[in-house]
Amino acid sequence: MAAIELENVDKFYRWDTRRQPAANNITLSVGQGEFVFLIGGSGAGKSTLLHLMTGGIRPERGTVRLYGQDYAKMSEKRRQAAALMFGYVWQEPQLMKRRTVFENIYLTALVGEHKCRNATVRERVQKVLGLTGMTQYAAMRPEELSLGQCRRVELSRALVNNPSILILDEITSNLDPDNVWDITFLLDEIHRQGTTIIMATHSRSIVNIMRRRVITLVNGEVIGDVRRGRYGDIV
Ligand SMILES: Nc1ncnc2c1ncn2[C@@H]1O[C@H](COP(=O)(O)OP(=O)(O)O)[C@@H](O)[C@H]1O
Ligand SMILES: [Mg+2]
């Protein structure tokens, strides 16, 4: 079964013209365990598509399904369970400034407590901090860290509830190359362990080295969907 399916999905924001919706008749399916890059210029609809996939926004037309279940028909309880299947890092930094790194992750870990019973909340936080190389920064606050370190904290938080699907929106933007490659290799490792990864990016070099599925958006429309693609491949 597909992890996520979209069928004839349109999304308009209030001031979109008819010619340039944020999502335009999108039909696609992402299988469990896939690694997908979403590429396209600024305003192409990458973030919108990610939010549609997580059920965070609703389409004006069409259907979005998570493991076969239509978001529009989910009960509130199902919707909460669905949210726990995802780990997210959104484009805008989302860390709580006044909390330590540890607390930022701990609060998310608490939400997944009943789902991840194999380890305590504290153990899970320590494990993801180890995975991203941030253990020694646990007691610091985000404003004391570099952008690259903040991104790792956000990634740790996204992973702490063992998500089936990881949603990443331009996580490597504005990072220096060392940080970009560290994060990319880490994602590759996480993917090898079975996590589905859907990642919006502007990074030509990451896309070209990884050679995964590449979905290209222009004006909210999917104009390319290539297995083992390169940046700019549309067929
Ligand atoms: N919250 C919003 N309100 C109004 N318009 C939006 C909103 N989010 C995105 N848009 C518009 O939708 C289109 C797609 O945006 P977005 O999905 O953010 O693209 P990308 O992530 O590829 O830069 C753009 O024209 C953008 O201006
Ligand atoms: Mg975006």
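Two strands pair if DSSP finds at least two bridges between them. By that rule, strand 9 (residues 213-218) pairs with strand 10 in the antiparallel sense over five bridges. This is a predicted model, in which local features need pLDDT of at least 70, side-chain atom pairs count only at pLDDT 80 or more, and totals for chains, interfaces and linings use all residues. Residues are numbered from 1 along each chain as its sequence is written, while chains are lettered from A and ligands numbered from 1 in the order in which they are written.

**Overall fold**

- The protein chain has seven helices and 10 strands; helices (H or I, at least four residues) and strands (E, at least two) are DSSP runs, numbered from the N terminus.
- The protein chain is as compact as a globular protein of its length, because its radius of gyration of 18 Å is close to the 18 Å that the globule rule gives for 235 residues. The radius is taken over C-alpha atoms, and the rule is 2.2 Å times the number of residues to the power 0.38.
- Along its principal axes, the C-alpha trace of the protein chain spans about 50 × 40 × 35 Å.
- Of the 235 residues in the protein chain, 38% are buried. A residue is buried if 20 or more other C-beta atoms lie within 10 Å of its own, exposed if 12 or fewer, and partly exposed in between, with C-beta atoms placed from the backbone.
- Among contacts in the protein chain with a separation of 6 or more, 68% join residues 24 or more positions apart. Two residues are in contact if their C-beta atoms, placed from the backbone, lie within 7 Å.

- Six strands form an open sheet in the order 6-7-8-3-9-10, and the pairing is mixed.
- Strand 6 (86-89) and strand 10 (221-226) are the edge strands, each pairing on one side only.
- From one strand to the next, the twist averages 15°. Axes are lines fitted to C-alpha atoms, for helices over the stretch in contact, and angles run from 0 to 180 degrees between N-to-C directions.
- Strand 3 (residues 35-39) pairs with strand 8 (residues 196-200) in the parallel sense over four bridges, and Phe37 has Met199 in strand 8 as its bridge partner.
- Strand 9 and strand 10 form a hairpin with two residues between them, and Asn219 in the turn has a positive phi of about 50°. Val218 has Glu221 in strand 10 as its bridge partner.

- A second open sheet holds four strands in the order 2-1-4-5, with antiparallel pairing.
- Strand 2 and strand 5 (69-70) stand at the edges with a single partner strand each, so one side of each has no neighbour in the sheet.
- Helix 1 (residues 46-54) packs on this sheet and touches strand 1, strand 2 and strand 4; its direction makes about 120° with that of strand 1.
- Strand 1 (residues 2-11) pairs with strand 2 (residues 23-31) in the antiparallel sense over six bridges. Glu5 stands opposite Ser29 in strand 2, and Lys11 has Ala23 in strand 2 as its bridge partner.
- Strand 1 also pairs with strand 4 (residues 61-66) in the antiparallel sense, over five bridges; Ile4 has Leu66 in strand 4 as its bridge partner.

**Ligand 1**

- The residues around ligand 1 are Tyr13, Ala22, Gly40, Ser42, Gly43, Ala44, Gly45, Lys46, Ser47 and Thr48. A residue is near a molecule or strand if its C-beta atom, placed from the backbone, lies within 6 Å of it.
- This shell has three nonpolar, six polar and one charged residues. Ala, Val, Leu, Ile, Met, Phe, Trp, Tyr, Cys and Pro count as nonpolar, Asp, Glu, Lys and Arg as charged, and the others, Gly among them, as polar.

**Residues outside the strands**

- Most residues other than glycine have a negative phi.
- Asn162 is not a glycine, but has a positive phi of about 45°. Asn162 is found in the loop between helix 5 (147-159) and strand 7 (165-169), and is partly exposed, with 17 other C-beta atoms within 10 Å.
- Arg228, also not a glycine, has a positive phi of about 45°. Arg228 lies in the segment after strand 10 and is exposed, with 10 other C-beta atoms within 10 Å.
- Asn118 is found in the loop between helix 3 (101-111) and helix 4 (121-131). Asn118 counts as exposed because it has 8 C-beta neighbours inside 10 Å.
- Asn118 and Asp233 are 115 residues apart along the chain, and their C-alpha atoms are separated by 43 Å.
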